[in-house]
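Please take a moment with the sequence and the picture before I start to walk through them.

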Amino acid sequence: MILGVHAWVARGLDAVLGEAREHGLGVLQTLPYRRHHPPTEDEQAAFRRERAALGLKTLLIHSRYAPALASSHRTLRARSQAHLTNELRLAAGLGGDAYVVHAGPYSPGSDAETGLKLFADAVLRGAGESGFPGAILIENVPGGGRRLGGTLEDLARLLDALPARVTAGACLDTAHAWAAGYELSTAEGALRFASRAHRLLGDRVRAFHLNDSLAQVHSHRESHWHLGKGRLGLEGLRVLLEREEYADLPAILETPKEPGADAENLKVARGLSTLSR
Ligand SMILES: [Zn+2]
Ligand SMILES: [Zn+2]
């Protein structure tokens with residue numbers, strides 16, 4: 001995998017690219033805008049120029065607004081749709097290669113089938129309205145309750161519901177998979193996960209989020225932590241990093257941003273496999 005970090009947009013777009021420069025990264029993830037400060041067209045153009053000069057291979061834009069795109073609530077869904085389209089336009093303006101989004105829950109009294117359909121419709125519409133030329137990646141979530149996208153089966157069904165003209169794929173988060181019940185702490189568990197992902201999603205797996213977790217397996221709780229310092233450990237991560245079919249995929253660390261932590265986590269990930277770079 002090609003390693004990257006989730007760069008903080010709070011310090012501005014210059015600082016975002018500075019993180020790639022600092023760590024010598026080929027890939028990077030960030031949010032589409034700073035709170036209350038969507039980038040102007042000039043700022044977007046400057047960012048694209050600087051990114052090109054930097055030679056960053058892949059830029060992922062992660063949705064900032066937690067969308068309720070699977071909701072049956074008309075007003076809520078309309079608002080979420082507007083946010084999605086707006087974020088996809090910004091992702092295009094920033095030159096993002098992929099946009100990462102979570103499915104969110106379906107409404108009480110509704111069902112998963114309906115929620116999946118509503119979400120797929122929203123993604124289709126957002127792709128059309130925004131003209132975002134990159135890939136829309138649906139990320140697995142900790143799952144539980146009415147939350148969609150906790151399982152690889154959910155991701156496959158969501159992607160199957162999208163027409164081929166939408167470039168879509170899956171982004172697999174190790175901490176979320178762990179929270180959803182996949183035993184990624186052992187080599188056997190990670191191998192089972194990878195085989196299942198291969199069978200259900202094939203080459204639609206387009207990115208990874210590499211995180212350890214302080215939460216228990218199957219807890220449906222999200223608690224991202226430094227690689228090798230949480231309950232997930234390194235044995236399973238090594239198995240994923242060793243997979244040939246993932247060798248060229250972006251892998252983003254979303255571990256806590258304490259001073260020096262990104263450098264340390266990158267070192268740990270690079271040390272796990274010759275295929276991680
Ligand atoms: Zn996410
Ligand atoms: Zn993630």
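**Packed helices and a pair of zinc ions**

Let me begin with a crossing: helix H5 passes helix H7 in a right-handed way, where right-handed means that the near helix is turned clockwise from the far one by less than a right angle, and left-handed that it is turned anticlockwise. What we are looking at is a predicted model, in which local features need pLDDT of at least 70 and side-chain atom pairs count only at pLDDT 80 or more, while totals for chains, interfaces and linings use all residues. Residues are numbered from 1 along each chain as its sequence is written, chains are lettered from A and ligands numbered from 1 in the order in which they are written, and side-chain values use heavy atoms, with hydrogens and water left out.

Two packed helices are described by the angle between their axes and the distance between the axes. The axes are lines fitted to C-alpha atoms, for helices over the stretch in contact, and the angles run from 0 to 180 degrees between N-to-C directions.

H5, residues 152-160, and H7, residues 187-201, pack at about 20°, with their axes 10 Å apart. That angle makes H5 roughly parallel to H7, since angles under 35 degrees count as roughly parallel, over 145 as roughly antiparallel, 65 to 115 as roughly perpendicular and the rest as oblique. On the H5 side, Leu 152, Glu 153, Leu 155, Ala 156 and Leu 159 meet Phe 193, Arg 196, Ala 197, Leu 200 and Leu 201 of H7, contact being heavy atoms within 4.5 Å. Sorted by class, the contact of H5 with H7 has eight nonpolar, no polar and two charged residues; here Ala, Val, Leu, Ile, Met, Phe, Trp, Tyr, Cys and Pro count as nonpolar, Asp, Glu, Lys and Arg as charged, and the others, Gly among them, as polar.

H5 has another partner, helix H4 (residues 112-130), and the axes of H4 and H5 come within 9 Å and cross at roughly 50°, so H4 and H5 are oblique to each other. This crossing, too, is right-handed. Glu 113, Leu 116, Phe 119 and Ala 120 in H4 meet Asp 154, Arg 157 and Leu 158 in H5, and the residues of that contact divide into four nonpolar, no polar and three charged.

Now to the metals: which residues coordinate the zinc ion (ligand 1)? They are His 62 (NE2), His 102 (NE2) and Glu 139 (OE), at 2.1 Å, with donors taken as N, O and S atoms within 2.8 Å of the metal (3.2 Å for Na, K and Ca), and with water not among the atoms, so sites may look incomplete. His 62 lies in strand E3 (residues 58-62) and His 102 in the loop between strand E4 (98-101) and strand E5 (104-105), so the pair ties together parts that are 40 residues apart in sequence.

Glu 139 coordinates both zinc ions, which are 3.4 Å apart.

To finish, please look at the loop between strand E10 (212-213) and strand E11 (224-225), where His 218 is placed and where His 220 also lies. Phi is near 65° for His 218 and near 60° for His 220, each a positive value in a residue other than glycine.

Definitions and conventions. Helix = DSSP H or I, 4+ residues; strand = E, 2+ residues; numbered from the N terminus.
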